[in-house]
Amino acid sequence: MTLHLVLGDAFSPQDFEPSARLFIFARAQAGGPPLAVIPAAVSDLPGEFTLSDANVMIQGNTLSSFDEIQLVARISRSGTPTQQSGDVFAETRYDMSAGS
């Protein structure tokens, strides 16, 4: 799937330290560890990102094996994948069967 991401009007890439990182990930609607992850630079925003089975974290998993996934885009101020206070994020449900 191709995702088009932009920062909200309240932010610009210059609001973040150079060490901040963007993490785009999919997880099962029921929760658990990420199924697939794309790490990127905050300066890549706005931009288009492709999340696919090539980005899966656990070999043998596929995004298409889930009916619904949760998509999350998070800017980690610390630059690490672990969520911390002060991180900026957005999330949405994605219906894999409908492609939306």
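## Side chains along strand S4

In this predicted model, the side chains of S4 alternate between two faces. Gly47 and Phe49 point to one face and are buried (under 20% relative accessible area, with a 1.4 Å probe and protein chains only; exposed is over 50%, and partly exposed lies in between). Strands are DSSP runs of E with at least two residues, numbered from the N terminus.

S4 pairs with S1 in the antiparallel sense over four bridges; two strands pair if DSSP finds at least two bridges between them. Within this pair, Thr2 stands opposite Thr50 in S4.

Strands of a sheet pair through backbone hydrogen bonds, either parallel or antiparallel. Here, four strands form an open sheet in the order S3-S2-S5-S6, with antiparallel pairing. Strand S3 (36-41) and strand S6 (88-95) stand at the edges; each has a single partner strand, so one side of each is left without a neighbour in the sheet. On average, neighbouring strands of this sheet are turned by 15° against each other, direction ignored; the axes are lines fitted to C-alpha atoms, and angles run from 0 to 180 degrees between N-to-C directions.

Strand S2 (residues 21-28) is joined to S5 by eight bridges, and the two run antiparallel. Ala28 stands opposite Ile69 in S5.

Asp67 lies in the loop between strand S4 (47-50) and strand S5 (68-76). Asp67 is exposed, with a relative accessible area of 63%. Leaving aside neighbours within four places in sequence, Asp67 is in contact (heavy atoms within 4.5 Å) with Tyr94, Asp95, Met96 and Ser97. Asp67 and Tyr94 are 27 residues apart along the chain, and their C-alpha atoms are separated by 8.6 Å.

## The largest pocket

The largest pocket holds about 290 Å³ of space. A pocket is an open set of points on a 1 Å grid, with protein on both sides within 12 Å along at least five of seven lines; lining residues have an atom within 4 Å of a point. Of the 19 lining residues, Leu5, Val6, Ala73, Phe89 and Ala90 are the closest to the centre. Strand S1 (2-5), S2, S5 and S6 each give two or more residues to the lining.

By class, the lining has 15 nonpolar, two polar and two charged residues. Ala, Val, Leu, Ile, Met, Phe, Trp, Tyr, Cys and Pro count as nonpolar, Asp, Glu, Lys and Arg as charged, and the others as polar.

## Basis of the values

Residues are numbered from 1 along each chain, and side-chain values use heavy atoms, without hydrogens and water. Local features need pLDDT of at least 70 and side-chain atom pairs count only at pLDDT 80 or more, while totals for chains, interfaces and linings use all residues.

Methods: 1 Å grid on protein atoms, 1.4 Å probe; cavity = no way out; pocket = protein on both sides within 12 Å on 5 of 7 lines; lining within 4 Å. Points joined across faces, edges and corners; volume = space filled by probe spheres on them.
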